[in-house]
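Work through the exercises below with the sequence and the structure beside you. Try each task before you read its solution.

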Amino acid sequence: MTTRTERRVGRTGGLIGDSPLRPDGIPKLKGEFEYAQDLTAAEMLWGATLRSPYAHARIVSIDLAPALAVGGVHAVLTADDVPGRGTFGLEQPDQPVLAGDYVNYWGEPVVVVAAEDQDTARRAAAAVVVEYEVLEPLVDPEEADRRDETFRRMKIRRGDQDITGDVIVDGYYEVGMQDQAPLGTEAGLAIPDGHGGVDLYATSQFVHVDHEQVVASLGLTSDQVRSHPTGIGGAFGAREDVNLHIHLCLLALHTSKPVKMVYHRSESFTGHVHRHPARMWYRHHADMDGNLLRVEAKVLVDGGAYASTTGAVLANACYFAVGPYRCDSVTVDGVGTRTNNPPCGAMRGFGAVQVCFAHETQMDRLAAALDMDSLDLRRRNALATGDAIPTTGQIIETPLPMTEVIDSLVAMPMPDATISDSPLSLPGGTGLTTEPTDVSRGVGYALGIKNLGFSEGFDDYAQARVRLTAEGATVETAAIEVGQGLVTVLAQIARSALGVSRATVRNVDTSMIDSAGSTSASRQTQLSGGATLEASTRLRARILHAYNGDDLDDDGVWSEGRLVTPMAEITEGSWEETATFRHPATTEPDENGQGVIHADFAVAGHRAVVDVDPELGLVRVVRVDTAQDVGKALNPQSVRGQIEGGIMQGVGLAIMEELIVEDGIIRNPNFTDYLLPTILDAPEVEALLIEKEGSWGPYGAKGVGEPPIISSAAAVAAAIRDATGRPIDRIPVRPQDIALL
Amino acid sequence: MIVSFIVNGEGVTARVTTPVSLLDVLRDQLELPGSKSACEQGECGSCSVLLDGALVCACLVMAVDAEGSTVRTVEGIASEGTLHPVQVAMHEAGAVQCGFCTPGIVVAAADLFDRDPTPTTDQIKEAVAGNICRCTGYGAIVRALESVAGERR
């Protein structure tokens with residue numbers, strides 16, 4: 001008889017709370033992992049896109065003949081060739097697949113081409129002659145607001161609207177347009193099935209919504225399109241909207257051949273949406289003890305030419321406009337403007353990032369006005385479980401360890417106060433522009449809060465299927481692995497819940513399983529993890545019931561410490577369970593923005609230490625410490641990866657990453673001019689995980705992807721303010737904002 | 001024209017009719033897609049290869065200039081089924097997320113350790129300063145490469 005001790009062997013690896021090696025790690029390290037860019041098919045054609053050179057123009061005529069005359073060209077298509085609805089969009093289908101009478105932003109697709117190789121396709125696209133009547137672009141979002149060119153307006157009114165504080169602080173803040181800049185550009189392959197349908201393999205965060213949009217925009221039936229999860233080089237929100245997906249399917253169906261497209265980096269900068277630039281006007285009221293009495297804010301985010309997710313980003317910005325603080329008198333007005341600027345949509349943090357910079361700067365200024373320590377002010381007003389969210393009035397029912405975050409952050413050790421004279425550690429780096437004596441050090445704190453999962457009454461769910469065979473457990477899902485480690489954590493959940501040591505995750509297409517929802521909103525560990533846990537738990541119960549057992553492991557079913565049925569016998573049968581997991585239902589806002597708007601919340605805090613050369617305006621971020629509310633860390637190594645990566649993007653937003661848009665045209669659509677942090681820009685990072693279980697995620701887990709970016713940018717800005725005494729009321733902070741050039 | 005060179009120990013030829021980069025030839029003609037194309041202008045290091053022993057961005061090398069040279073790509077870093085210590089360390093440290101920068105970092109770091117088995121942390125950072133990673137924030141990459149240096153000390 002197998003003993004209990006023996007049967008525990010092999011079960012200790014890869015469970016909940018462990019950090020097993022990721023299953024796609026070795027292929028990625030050897031260059032063998034297949035990305036959308038690497039796909040090929042027999043007789044494959046290459047696609048290319050002709051884009052508008054103007055931010056606003058009327059299309060007078062299009063002459064395709066020069067393109068069709070290029071040898072090796074198979075198709076040159078315009079809006080006239082698009083069957084079906086011909087438009088797409090995540091919130092409203094307002095964006096044409098190909099521009100018809102007008103182009104509304106610089107880089108809008110006008111013509112797509114398929115040819116025998118990429119170079120030919122691009123040359124043919126460039127040969128198309130489009131005659132434009134150039135129109136005046138609307139690029140000032142405040143002018144758009146005045147003209148009521150908007151995607152959504154938000155109105156939040158909570159509590160007594162006539163309160164006035166003893167101390168009042170006003171501020172105006174701006175956040176620039178950040179790009180997700182995933183290293184893999186948009187890429188994909190569409191393969192016609194020979195029966196009028198198509199299989200799509202393309203960069204995505206949400207294959208079911210891609211599927212829906214391809215079907216509707218091209219007038220196909222649901223079963224004619226299958227969208228397949230595909231290897232992608234990062235996402236960060238850039239892959240929530242479709243871009244080349246519909247074009248690929250259109251070209252493949254038109255030519256009856258597989259068609260591949262890969263965007264160049266410069267095309268990628270126009271081919272996906274960006275983080276909304278924001279303008280924010282604030283007024284905070286407090287009493288002399290530092291109790292926050294009233295917050296008034298106006299939040300403007302510019303959505304650019306098409307809706308994308310502007311409505312939801314604006315709503316998030318407004319709902320979190322006060323930050324993680326109690327306040328019973330709140331007024332927020334929000335507007336998401338429609339202009340001829342590049343379309344903006346999802347990026348990590350989704351609206352909460354922009355307002356965090358504003359509300360945290362306001363809290364620092366309020367503390368200064370009160371002559372109070374800024375952390376004491378924050379601690380005094382910190383939200384906790386049982387409090388109302390200040391904007392929506394929703395009572396927080398899950399753990400919200402804001403005070404623990406503050407206390408942990410303060411207790412973390414500070415770096416050595418000596419400013420290093422190593423060129424790698426000085427502002428300006430090996431340019432050797434700065435001496436340690438010219439450097440000022442600053443320290444800044446910021447706190448952030450964000451919702452987890454989709455909100456405002458959206459039916460947010462994820463489906464997963466768990467099978468048990470002789471090879472172990474397999475989790476089938478359409479959820480997208482963007483690099484965060486979903487393939488690791490879903491297997492950990494299956495192992496832990498089912499009781500077997502071997503588990504793998506298998507991505508399946510839209511025809512084989514229902515939606516997993518988007519890999520965004522920090523939601524997949526909670527949602528697809530929840531579905532995996534439920535399916536595994538049900539499957540285990542069914543197997544135990546079938547064999548009259550009380551435990552299951554690799555050996556088989558056990559009863560009272562005795563193996564009753566070996567695994568080989570169990571896996572002769574077919575064992576699978578499919579589960580659909582939903583988070584607690586939310587409601588749409590009422591006319592004052594009130595309601596149970598969100599399913600759950602997560603908080604984090606950051607402390608940034610910076611060295612600044614105030615004369616040159618150069619900044620080096622020395623260190624960023626953080627404490628983050630994670631619920632339960634299912635895979636601590638992955639959690640740390642999200643935290644360090646998110647902080648780096650926050651540092652980028654704080655001091656270097658900005659798309660420069662002039663008259664609607666992006667002036668720096670490349671990695672030479674859009675600056676991304678390198679390893680020499682990376683601060684030391686220490687992270688404390690605050691584990692307070694009680695959320696509805698599997699094992700109490702909360703999503704962890706977004707909190708690291710929300711308050712890190714604000715903390716860096718605060719540290720620069722501390723070092724220089726400059727106002728620092730916009731991010732990214734530019735040298736001229738410090739040196740006042 | 002026909003370009004002949006050695007890749008990962010094997011002689012190869014490519015037919016080049018347009019001014020294409022070594023990266024395009026590796027990926028599109030020689031079935032070596034491990035080197036990634038991410039910026040096409042030498043800023044991100046995702047296409048890092050060793051050209052006659054020198055670390056270069058394959059996107060900035062014209063294919064015709066590879067004539068007669070010896071090229072080592074990420075596919076040639078592990079030898080006979082044995083992972084390079086850099087690959088093992090990055091795997092264990094959680095230094096791989098989306099993985100798109102990973103091949104370039106593996107090549108650059110393997111090159112560093114071939115030249116200096118015990119680099120300092122600053123030397124490690126300088127060696128991969130030309131490689132942009134958008135996922136990890138670099139912390140796990142530094143820890144991984146420090147552990148390789150530590151084991152060799």
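## Exercise 1: The two chains

In this structure, 46 residues of chain A are in contact with 43 residues of chain B, where contact means that the C-beta atoms of two residues, placed from the backbone, lie within 7 Å. The model is a predicted one, in which local features need pLDDT of at least 70 and side-chain atom pairs count only at pLDDT 80 or more, while totals for chains, interfaces and linings use all residues. Residues are numbered from 1 along each chain as its sequence is written, and chains are lettered from A and ligands numbered from 1 in the order in which they are written.

**Task.** Find which element gives the largest share of the side of chain A that touches chain B.

**Solution.** Begin with the elements that give two or more residues to this side, which are helix 2 (25-30) and helix 16 (636-655) of chain A; helices here are DSSP runs of H or I with at least four residues, strands are runs of E with at least two, and both are numbered from the N terminus. The largest share, seven residues, then turns out to come from helix 16 of chain A.

## Exercise 2: Two helix pairs

**Task.** Decide how helix 11 and helix 12 of chain A are oriented to each other, and do likewise for helix 6 and helix 7 of chain A.

**Solution.** Step one is the angle, taken from 0 to 180 degrees between the N-to-C directions of axes fitted to C-alpha atoms over the stretch in contact. Helix 11 (residues 374-381) and helix 12 (residues 402-411) of chain A pack at about 160°, with their axes 9 Å apart, whereas the axes of helix 6 (residues 207-218) and helix 7 (residues 245-255) of chain A come within 10 Å and cross at roughly 50°.

Step two is the class: angles under 35 degrees count as roughly parallel, over 145 as roughly antiparallel, 65 to 115 as roughly perpendicular and the rest as oblique. Helix 11 and helix 12 of chain A are therefore roughly antiparallel, and helix 6 and helix 7 of chain A are therefore oblique.

Step three is to look at the residues that meet. A:Leu375, A:Arg378 and A:Arg379 of helix 11 make the contact with A:Thr403, A:Ile406 and A:Val410 of helix 12. In the other pair, the residues of helix 6 include A:Asp210 and A:Leu218, and those of helix 7 include A:His245 and A:Cys249.

## Exercise 3: A buried residue in a strand

**Task.** Is A:Ala190 buried or exposed?

**Solution.** Locate A:Ala190 in strand 11 (residues 187-192) of chain A. A residue is buried if 20 or more other C-beta atoms lie within 10 Å of its own, exposed if 12 or fewer, and partly exposed in between. A:Ala190 has 31 such atoms within 10 Å, and so it is buried. Beyond its neighbours within four places in sequence, A:Ala190 is in contact with residues including A:Leu248 and A:Cys249.

## Exercise 4: The largest nonpolar core

**Task.** Explain why this core lies between the two domains of chain B.

**Solution.** A nonpolar core is a set of buried Ala, Val, Leu, Ile, Met, Phe, Trp, Tyr and Cys residues joined through C-beta atoms within 7 Å. Of the 289 residues in the largest one, A:Val113, A:Cys249, A:Val716 and B:Ile141 touch the most other members. Domain 1 (2-76) and domain 2 (85-152) of chain B both give residues to this core, so it lies between them; the domain bounds come from an automatic or database domain assignment. The C-alpha centres of these two domains lie 22 Å apart.
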